[in-house]
Structure formats: structure tokens, C-alpha cells
Amino acid sequence: MLDALAPRDRRILVPNLRETTLARGEVLLEPGEDVMHVYFPGRGTIAALVLHLRDGKSAEAVMIGAEGALGGIISNGDKPAFAHGVAEIAGPALRLSTDALDEAKLRSPSLRDHFARYADCLLAQALQSVACNAVHDFDARLARWLLATQDRCGQKELKVTQDFIADMLGVRRPYASRIAGLLEERGCIKRGRGTITIVDRAKLERQACECYTYLRRHFELVLPGVYPSYMV
Amino acid sequence: MVNSNARGTDSAPPLSRIVPPTNQILKLLPRAAFDMLAPEYVDLRRGQCLFEPGDEVTHAHLPLDSAVVALVVPMRDGRTVEATTIGREGAVGGVVSRGYQPAFTRAVVHIPGSAVRISLKNLETAKRTVPDVHDLVSRYADCLMAQLLQSVGCAAVHPLEARCARWLLLMHDRLQQPDLPLTQEMLADMFGATRTYVTRIASSLQKRGAIASRRGLIHIESRELLEETTCECYNLVRQHFERVQPGLYPALEP
């Protein structure tokens, strides 16, 4: 997302960007706490907004990689966070104070426009996922999630456990494991210890629901070239 | 198609007719910004589309009174699934994107009524020149996003009965009266569920005395029972509204 900024706009942000490394599970936003920082996951790093529901259940609401940022993107910062912001896949990230971002947006209309465009893509992600979770079968949703994860981490081998997937997709662990087994039988993935390898991406794309393509297309329309494509 | 309701304003009643405004955003907007915003009064007919996916969005619509607009996602198989509803607490179109971007969803009027529309060009000018307008719109956008984020989790995890109860409570809050002009068929379409399934849930809610189905409308018999049936999502989102912008969420009049 930052790479796609005009050089002039990038220069405005650079003095305030801090390099950091996100550990798996690191909490970036806590519900109810004021958002003070925006995080930009680097290539390969994945963060998410996660909801903790009653009875120990949880679900991922949106996934965010190098195409985006989390922390005050929609609200323009300085408001209590609603969801947990968590690092899903460890890696580098850049951090910026929301004050510095606000100031930069005042200075540059094109920078403000860039962030509004990404906010629109993030909103689209949430809109699509409400509908997807309401009507699509779990194997299609799992395939969609694996594709989105691979786009962002850029690896064949995803460092995720089946339990983690169950928690992110809001299903019981044995069920997640059974459906992952189904995708394995169909030759899309291979399950390892703490990893899932995508062995045939084209096949996996055919298992996924249309939500995956719809969102990619919206990203391409609104922010051309920003969505990370996984090269086979 | 830009806007199917881009009707002239010749016949529109003067804005004074909507004072006091029954849209929470209008209520909170600084009066000084009204001239700049040049809001126009429009009617919303049931089933009317405000925009389709891919359309350029040029106006924000702020539903008044009982009008409710849904953002729906058309799926490959022809189903259209509701992602959220927006009533008197909010605004439809360009709130986050600032407009002039292709719309991602379809916006369709679920419950007819009136609305005020504001051109996004005027809204952007007002946001730039009146900090309170910018702040209010950002706060509403944050609440809308919170509602969506919660709904992603809710749709993944919670049973349809709890989700139905949540949906009915949201409608009750916006319409401020217990007769919701909706049929069970409409409810089924919104949830992307089969009609038989929704009918079963509706009759279970009816048996327990929470709702009553009448010709073309659903009557809320007991709000308390719906609150007992719904998931935590209803309260979490409501609390977020109240924390981020007091007065934005429509409070039921006692």
C-alpha cells in the first residue's frame, strides 16, 4: 500500500514510519482502547481484525497483508478500537502514529485519496464476508481463506495450523480438520505438522466461492496494482 | 446508470418539512453546514436501487423516519444476500469511499419512506471546511464498519434464530414502532436462507410470544424476548455506537 503512494506522498510519511517486527499472535489493537498507531504489514506478514465472541468462540472479520493497513483506517484514528487487531503470520511491519497520518492527510489530498480508496476496499472485504459467511459452504470459504493467505504471505507452504484456521473461520476444530482433509483428498492442499501446503492453486481456486474473485476485482478497480498477486 | 432516483427537485417539499430531522446524522450536523451541503428531499420506493455494483456513487442518502436501505451482495447463483441495513442512524453511499468510485454492493430500499440526499461533492467540501462534519462522518463510518465486522463473525458463528432476533431488534430501533412492514419471504431472502427454514424460525419466535406475523407485516410482541434470544452482537455494536458518537444510535422513545 505504501509502495503505491506517489513518491511525494511517501516522502511525507517516511520520517514518521518506524520499522517493527510482529510476532505471531501479537496484539496490535485492543477493543475499547484508543487507536494510536497504524500498522502496515510488510511482504509476507499478515494481520487481521478478530472478534472474540461469547463462549470462547472467535472469528476473523478481515485479513490484512502488504496491500493494506490496520488501525483507524475507517475511523481516521483516535477512537476506541472495536475488534482485536492481531498478527496472524509473523514478519516485518511499519508503524505510524495516527496523529502523523492525520497531519499528512491534511497536507496532501492525493494521500488522503489513497487512504480513502484502501478504506473502501477494506469495507468491501467486510461486506462480502458477511454475505459469504451467511450462505457459502465451509469448503468454499476455507479455499477462499487459503488463497487470500497465500496471496499475502507469498509462500507455497502456509505456517498455519488447522486449529488456528478453525478459530479464524469460526467453526469447531474437528470440523475444520475434516474439511481440510476433503481439500487434501481433492488434491488442492497437503496438510503437514503446523503447516498447510498449497499443491495445486488452480484446483483450489475452483473450490473457492466467487467472493475471492469479486474482492480482487474491486481492489484492482479502486487501487490498481496494490493487491498482492501470488505468482505460481 | 448513475442514480435511479435522480429525480428533479421541483416537486420536492422544502427542507423545513423535515425539521426536526429524523435522521440521527442530520440531527447532529452543525446547522451552519446545511447551506453548503444543500440537502435535497427524496422519496424512496420499496425495491428501488440507489446504486448497483460498479456504479459511480454520486450522492449519500440519509434515510428519514422509517426508511431502511440494505446493502446486498449479488452472488453468482442469483441470490442476493444482505450485508447490512441502514436506517435513520446512518447514510448510504460514499461514506467511506468518498464516492466517485465503483460501488461494491447494490443498495436497495427495503422499507419505503423518505430520505435526504447530499451530493458527495458538497459533502467533501463541507468535510474540508467544517471539521465537525468531517468528525461526524468519520465517527459514523467507524460505527458502520463495527457493525459489519461484528456481522462477519455473527454470520459465521451464530445460529439463524439469534441472527433473526438481532435483525428484528435493529429494525425496531430504526422504525421506532412494533409493526415492521416485512414478510417472512423478505426475511428469508435477506439471510440467504430457504423460506422453509426461516418460516420454522419465525414460527418458533411466534410460539414463544416474541413476534406475531400478520398480513404483510411482522409485529414485535415482546422486545424483551427478542433480546433474550439474540446473540451478544446486538449489544456490542450498540455500545460501540454510543461510545463513539453519543446520540447517533436511535434510542427508543419510552
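1. In what order do the three strands of the open sheet in chain A run? The order is E8-E10-E9, and the pairing is antiparallel. This is a predicted model, and the points below should be read as such. The edges of the sheet are strand E8 (157-158) and strand E9 (189-191) of chain A. Each of these edge strands pairs on one side only.

2. The link between E8(A) and strand E10 (residues 196-198) of chain A deserves a look. Two bridges join E8(A) to E10(A), and the two strands run antiparallel. One pairing can be named: Leu158(A) has Ile196(A) in E10(A) as its bridge partner.

3. Next, a helix pair in chain A. Helix H5 (residues 162-169) and helix H6 (residues 173-185) of chain A have axes that come within 8 Å. The axes cross at roughly 110 degrees. H5(A) is therefore roughly perpendicular to H6(A), because angles from 65 to 115 degrees count as such. The crossing of H5(A) and H6(A) is right-handed.

4. Which residues make the contact between H5(A) and H6(A)? From H5(A) come Gln162(A), Asp163(A), Ile165(A), Ala166(A) and Leu169(A). They meet Arg173(A), Ala176(A), Ser177(A) and Ala180(A) of H6(A). By class, this helix contact has five nonpolar residues, two polar and two charged.

5. Now the domains of chain A. Domain 1 covers 7-108 and domain 2 covers 133-222. Taken over C-alpha atoms, the centres of these two domains of chain A are separated by 23 Å. Twelve residues of domain 1 of chain A are in contact with eleven residues of domain 2 of chain A. On the domain 1 side of this contact, strand E5 (residues 58-64) of chain A gives the most, with four residues. The class count for that side of domain 1 of chain A is five nonpolar, three polar and four charged residues.

6. Chain B is also divided into domains. Its domain 1 covers 18-152 and its domain 2 covers 159-244. The centres of domain 1 and domain 2 of chain B, over C-alpha atoms, are separated by 23 Å. Here 18 residues of domain 1 of chain B are in contact with 14 residues of domain 2 of chain B.

7. What supplies the domain 1 side of that contact in chain B? Strand E4 (68-74), strand E5 (80-86) and helix H4 (131-157) of chain B each supply at least two residues. H4(B) has the largest share, six residues. By class, this side of domain 1 of chain B has six nonpolar, six polar and six charged residues.

8. Last, the contact between the chains. How many residues of chain A are in contact with chain B? There are 35 residues of chain A, and they are in contact with 36 residues of chain B. On the chain A side, strand E4 (46-52), E5, helix H3 (109-135) and helix H8 (211-222) each supply at least two residues. H3(A) gives the most to the side of chain A that touches chain B, with 15 residues. The residues on that side of chain A divide into 22 nonpolar, seven polar and six charged.

9. E5(A) gives the most to the domain 1 side of the domain contact in chain A. H4(B) has the largest share of the domain 1 side in chain B. H3(A) gives the most to the side of chain A that touches chain B.

Note on methods
Residues numbered from 1 in each chain as written. Chains lettered and ligands numbered in written order. Predicted model: local features only at pLDDT ≥ 70, side-chain atom pairs only at ≥ 80, totals over all residues. Domains from an automatic or database assignment. Contact = placed C-beta atoms within 7 Å. Nonpolar A, V, L, I, M, F, W, Y, C, P; charged D, E, K, R; others polar. Pairing = 2+ DSSP bridges. Axes fitted to C-alpha atoms, helices over the stretch in contact; angles between N-to-C directions. Parallel < 35°, antiparallel > 145°, perpendicular 65-115°, else oblique. Left-handed = near helix turned anticlockwise from the far one by under 90°.
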